[in-house]
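Hi there,

Here is the structure I promised to pass on to you. Have a look at it first, and then read my notes below.

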Amino acid sequence: TLRKPISQSSMADWASKNLNMHTQGIFRRRISISNMLSWNGGSIKKPMLITSNRTIKKEACEMFKLVQSYMGDRQSRMDRNHVALVTVTKCWSMQGLRDELYIQLIRQTTDNMCYRSLAWGWELMAISLAFFSPSPKFQSYLEGYIYRHLDSDEKIAQHIKELVDLKNKKITKSRKKRKQNTEDEGLPISTYAKYCYRKLHKVAITGGKKGLRKPTAEEITHARNAILTPSLFGSSLEEIMLRQQDLYPGNKLPWVQTQLSQQVLALGGEQTEGIFRIPGDIDEVNALKLQVDQWRIPNSLSDPNIPASLLKLWYRELEEPVIPQQFYQECISNYENPDAAVAVVQLLPELNRLVLCYLIHFLQIFAQPSNVGRTKMDVNNLAMVMAPNCLRCQSDDPRVIFENTRKEMSFLRMLIVHLDTSFIKGLV
């Protein structure tokens with residue numbers, strides 16, 4: 001369900017307090033907020049947002065040129081993929097530039113008469129959201145802007161036509177030029193907006209790309225492709241199964257789940273101290289994530305903590321947890337009752353039940369005494385690190401979260417100890 005966005009008046013109020021009002025002409029007249037937030041074919045001499053940071057002030061003006069280059073509104077020697085890489089890397093490295101990029105994109109996708117340019121602006125916003133979130137202060141404004149474009153294709157087409165007609169009355173243009181401005185190029189704007197809306201909510205929680213390695217060209221391409229091709233990470237189980245239908249039509253379980261689990265075991269994870277507790281190198285995990293999303297498992301893996309960390313990430317990032325939200329209360333109510341805990345599993349939708357049983361069967365391997373001696377990860381430790389990836393408490397109350405965390409761990413412990421998963425052997 002979509003949350004109700006902030007009102008138009010609240011957005012206007014935010015803009016009046018945070019925009020770094022520009023001036024024009026020899027008398028330095030202030031530009032209105034509506035003009036500040038409308039497409040601009042020229043350059044800017046100062047940032048869109050108020051800042052006292054000198055580096056940000058300089059970089060913001062250069063970044064505006066990059067945004068125009070990506071959207072095809074300014075000539076550049078770089079190809080668009082490289083322009084995106086330079087832009088994203090700047091903002092990923094300098095947190096103070098992130099809100100500036102998003103407000104620049106809002107400006108350049110407002111009252112834009114060229115549909116292709118408009119679509120490319122939204123595309124750059126979608127790519128950027130794969131790497132970093134806006135600040136909490138700016139998130140509501142960006143969310144409100146995106147929300148207003150979720151179902152706006154007819155309005156946008158009509159608005160572009162009106163803008164073009166208005167301009168053509170003032171300036172005579174060639175037919176070729178008029179056709180270029182109004183012709184449809186790229187995806188419907190609502191497609192970008194829906195993707196950005198989902199991505200914004202996810203990145204606000206996950207925080208975007210982590211690690212020390214800067215974004216790569218391959219990651220930029222992957223982020224662009226994800227607009228139309230859902231990632232194996234952050235999607236629903238149903239979407240993931242639908243996506244693998246062509247490659248693995250006979251599989252009952254998500255390929256990503258079984259492959260990563262088998263990799264952990266193949267690399268001796270059940271004999272590795274601190275498995276699932278000690279995180280793998282974040283840059284290596286990111287690199288593996290990129291390959292897995294392209295249905296590839298590299299042969300060069302040597303540290304079981306890498307696939308183990310990515311496996312936890314996959315469970316944690318599922319759009320809906322393995323144990324759906326409607327069963328949450330029943331789980332934490334039966335955290336001390338083995339029979340009732342097992343009974344909850346039988347009530348789950350078939351796909352969720354199979355995915356959960358596969359996970360429990362996998363954890364039962366690590367819970368064997370012969371392995372615990374090596375891993376130092378007994379059933380309590382396994383339940384502690386895995387429970388947050390299977391159950392999600394919806395409360396904002398710290399006391400409720402704290403109390404439920406203990407119950408979530410206990411519930412998962414009951415399943416590891418008491419759930420019969422023998423039927424899952426050999427299932428893929």
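The crossing of helices α6 and α10 is left-handed (the near helix is turned anticlockwise from the far one by less than a right angle; clockwise would be right-handed). Please keep in mind that this is a predicted model, where local features need pLDDT of at least 70, side-chain atom pairs count only at pLDDT 80 or more, and totals for chains, interfaces and linings use all residues. Residues are numbered from 1 along each chain as its sequence is written, and side-chain values use heavy atoms, leaving out hydrogens and water. Helices are DSSP runs (H or I, at least four residues), numbered from the N terminus.

Back to our pair: α6 and α10 pack at about 20°, with their axes 9 Å apart (axes are lines fitted to C-alpha atoms over the stretch in contact, and angles run from 0 to 180 degrees between N-to-C directions). They are therefore roughly parallel (an angle under 35 degrees). Residues in contact (heavy atoms within 4.5 Å) include Trp122 of α6 and Tyr195 of α10.

What about α11, residues 217-225: which of its residues are buried? They are Glu219, Ile220, Ala223 and Arg224 (buried means under 20% relative accessible area, with a 1.4 Å probe and protein chains only). These residues cover an arc of only 140° around the axis, which puts them on the same side of α11 (the arc is that of the directions from the helix axis to the C-beta atoms). Among the elements that cover them are α6 and α10 again.

Enjoy exploring!

Note on methods:
Buried means under 20% relative accessible area, exposed over 50%, partly exposed in between (1.4 Å probe, protein chains only). Helices (H or I, at least four residues) and strands (E, at least two) are DSSP runs, numbered from the N terminus. Angles under 35 degrees count as roughly parallel, over 145 as roughly antiparallel, 65 to 115 as roughly perpendicular and the rest as oblique.
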